[in-house]
Amino acid sequence: MRFKDRVVIVTGAASGIGRATARRLAGEGAALVLVDRDAAALEAVLAELPDGTTTQLHGMDIADESAVETCVAAALQHFGRIDVLCNNAGIACGQALATDQDMAEWQQVIAVNLFGVVHFTKHTARPMRDAGRGAIVNTASVAGIRSGAGGNAYSASKAAVINFTQTAACDLAQWGIRVNAVCPGLIETGMTRRVFDHARAIGKAERLGSRCELRRAGQSGEVAAAIAFLASDDASYITGQAIPVDGGNTASLNLPGMKV
Ligand code: NAD
């Protein structure tokens with residue numbers, strides 16, 4: 001019950017990693033402010049939470065700063081505090097070559113994946129500063145560390161999230177606010193469902209994740225466990241870090257022919 005009497009905002013809570021994070025934190029006693037642009041899917045999450053979990057739902061776009069400001073104000077009014085922010089919502093993009101980038105897509109990906117994180121950090125860190133404590137966990141990606149795990153705009157947005165994790169951690173440490181990130185590898189979620197469905201359809205599901213040292217793709221709950229750790233007091237001396245949750249993928253260059 002590491003989150004008993006704690007109020008946690010989770011963005012992108014209607015699906016995948018965010019949904020698993022909501023379940024995990026509620027299971028450890030958290031009151032939840034759940035954010036997603038898919039309001040109907042957000043309602044469905046409630047049925048998965050332990051009886052008695054206190055929640056507030058916000059169907060909204062994290063790219064809209066005024067909506068974020070309103071959301072944080074409503075959460076504060078209802079709960080009186082915000083202890084943890086999980087900046088998790090994100091979108092993927094196409095895989096065009098560097099010569100063929102779609103700038104409208106870049107604008108959209110940066111608006112959601114980067115500005116959404118900045119908006120929620122800005123407005124949530126203010127009450128955390130006043131309280132003298134807080135924890136923020138951003139969901140970045142291995143795509144922000146290496147090429148080959150998403151389109152160019154997506155990778156750049158996640159690299160920016162990793163860097164903002166460091167700069168925000170250094171800004172906010174003086175008020176006892178920790179800021180960290182997780183960098184998931186390949187995880188089966190709404191974002192990657194088509195990849196998994198296709199691989200299963202052609203009988204090659206076992207190849208997914210085969211370049212990871214653990215030789216498999218990950219589950220949302222495995223990322224949620226890392227988010228919960230970083231958000232909890234168990235990580236009280238960890239800030240400014242971006243921790244891969246990737247089955248060892250980024251630990252190895254995995255050069256073809258170099259391993260038996
Ligand atoms: P998902 O599509 O299952 O969940 C993402 C959720 O974010 C959805 O419910 C979606 O409606 C919501 N969302 C998207 N844009 C939004 C917006 N503008 N405003 C509010 N909500 C919005 O995907 P997921 O894999 O669970 O993604 C969660 C995070 O994990 C993302 O930041 C993603 O980039 C990251 N990630 C995923 C993987 C993976 O393999 N699935 C790997 C690395 C990083």
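**Figure 1. Strand S5 in the predicted model is largely enclosed by the rest of the structure, because six of its six residues are buried.** The model shown in this and the following figures is predicted. Both faces of S5 are covered. On one side, Gly-134, Ile-136 and Asn-138 are buried.

**Figure 2. Strand S4 runs parallel to strand S5.** S4 covers residues 84-87 and S5 covers residues 134-139, and four bridges join the two. Within this pairing, Leu-85 stands opposite Ile-136 of S5.

**Figure 3. Seven strands form an open sheet with parallel pairing.** The order of the strands across the sheet is S3-S2-S1-S4-S5-S6-S7. Strand S3 (55-59) and strand S7 (242-245) are the edge strands, and each pairs on one side only. Neighbouring strands of this sheet are turned against each other by 15° on average, direction ignored. Helix H1 (residues 16-27) packs on the sheet and touches strand S1 (7-11), strand S2 (31-36), S4 and strand S6 (177-184). The direction of H1 makes about 165° with that of S1. Helix H3 (residues 65-79) also packs on the sheet, where it touches S1, S2 and S3. The direction of H3 makes about 165° with that of S3.

**Figure 4. Val-142 lies in the loop between S5 and helix H5 (152-172).** Is Val-142 buried or exposed? The relative accessible area of Val-142 is 7%, so this residue counts as buried, the cut-off for buried being under 20%. Which residues is Val-142 in contact with, leaving aside its neighbours within four places in sequence? The contacts of Val-142 are Ala-149, Cys-183, Pro-184, Gly-185, Asp-246 and Thr-250. Leu-32 lies 110 residues from Val-142 along the chain, and the C-alpha atoms of these two residues are separated by 27 Å.

**Figure 5. Gly-185 is placed in the loop between S6 and H6.** Gly-185 has a relative accessible area of 18% and is therefore buried. Not counting residues up to four places away in sequence, Gly-185 touches Val-142, Val-245 and Asp-246. Gly-185 and Val-142 are 43 residues apart along the chain, and their C-alpha atoms are separated by 5.5 Å.

**Figure 6. The second largest pocket has a volume of about 190 Å³.** Rolling a probe the size of a water molecule over the atoms shows where empty space is left. This pocket is lined by 14 residues. Which of them are the closest to its centre? They are Gly-134, Gly-176, Arg-178, Asp-233 and Ser-236. By type, the lining of the second largest pocket divides into five nonpolar, four polar and five charged residues.

**Figure 7. Asp-5 and Arg-215 have a positive phi, although neither is a glycine.** Most residues other than glycine have a negative phi. Asp-5 is placed in the segment before S1, and its phi is near 65°. With a relative accessible area of 58%, Asp-5 is exposed. Where is Arg-215 found? Arg-215 is in the loop between helix H6 (193-201) and helix H7 (220-231), and its phi is about 60°. Arg-215 counts as partly exposed because its relative accessibility is 49%, whereas exposed means over 50%.

Key
Residues are numbered from 1 along each chain as its sequence is written. This is a predicted model: local features need pLDDT of at least 70, side-chain atom pairs count only at pLDDT 80 or more; totals for chains, interfaces and linings use all residues. Side-chain values use heavy atoms; hydrogens and water are left out. Two strands pair if DSSP finds at least two bridges between them. Axes are lines fitted to C-alpha atoms, for helices over the stretch in contact, and angles run from 0 to 180 degrees between N-to-C directions. Contact means heavy atoms within 4.5 Å. On a 1 Å grid over the protein atoms alone, a cavity is a set of points where a 1.4 Å probe fits but cannot get out, and a pocket is an open set with protein on both sides within 12 Å along at least five of seven lines; lining residues have an atom within 4 Å of a point. Grid points are joined across faces, edges and corners, and a volume is the space filled by probe spheres set on the points. Ala, Val, Leu, Ile, Met, Phe, Trp, Tyr, Cys and Pro count as nonpolar, Asp, Glu, Lys and Arg as charged, and the others, Gly among them, as polar. Buried means under 20% relative accessible area, exposed over 50%, partly exposed in between (1.4 Å probe, protein chains only).
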